[in-house]
Amino acid sequence: MGLLGAMQPGHEDRADHVVAQLGDGEHAKGAMSLVPPDVAADPDQLRALRDRVDAQQHQRRLDQQEMEGIAQASGMPAAEDGA
C-alpha cells in the first residue's frame, strides 16, 4: 500500500522505498515497513523501527484491555475477537 501512495502527486520521493522485514518484537510479530534503501541496509535503524512498532503494539493492547475493563464494569457485552 505504501508503494501506491508513492504514486500520488507530492510523494514521488517515496518511489524508491523498499519493503523491509523488521522481524519480531515482544508484542509485534512479522513487522514490515516501507523504508528508504539506506534505512533498509542499516540493522540499527531497522531495530529502532521494530522497537517503535513493538512499543506501539504493546500500548494498543494495554488500551484495548482498559477499554474492555471499562465496558465490562459498565455492563456492556464483551467484544468479540477481532472486533
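## Salt bridges

Across the whole structure, a search finds 2 salt bridges, a salt bridge being a side-chain nitrogen of Lys or Arg within 4 Å of a carboxyl oxygen of Asp or Glu. This is a predicted model, in which local features need pLDDT of at least 70 and side-chain atom pairs count only at pLDDT 80 or more, while totals for chains, interfaces and linings use all residues. Residues are numbered from 1 along each chain as its sequence is written, and side-chain values use heavy atoms, with hydrogens and water left out.

Side chains of opposite charge can pair when their charged atoms come close. Asp44 and Arg47 lie 3 residues apart in helix H3 (residues 43-73), so about one helical turn separates them. Asp44 is exposed, with a relative accessible area of 52%, and Arg47 is partly exposed at 39%. Here buried means under 20% relative accessible area, exposed means over 50%, and partly exposed is in between (1.4 Å probe, protein chains only). A salt bridge also links the side chains of Asp51 and Arg50, at 3.1 Å from N to O. Asp51 counts as partly exposed, with 38% relative accessibility.

## Chain layout

The chain has 3 helices and 2 strands. Read from the N terminus, its elements follow the order α-β-β-α-α. Helices (H or I, at least four residues) and strands (E, at least two) are DSSP runs, numbered from the N terminus.

## Surface and contacts

Of the 83 residues in the chain, 18% are buried. The accessible surface of the chain is about 6,400 Å², and carbon and sulfur atoms account for 54% of that surface. These areas come from the Shrake-Rupley method with a 1.4 Å probe; for residues, only the protein chains shown count as cover.

Contact means heavy atoms within 4.5 Å. Among contacts in the chain between residues at least 6 apart in sequence, 33% join residues at least 24 apart.

## Surroundings of Ala40

Ala40 belongs to helix H2 (residues 37-40). Ala40 is partly exposed, its relative accessible area being 28%. Leaving aside residues up to four places away in sequence, Ala40 touches Val18, Ala20, Val35 and Leu46. Ala40 and Val19 are 21 residues apart in sequence, and their C-alpha atoms are 7.9 Å apart in space.
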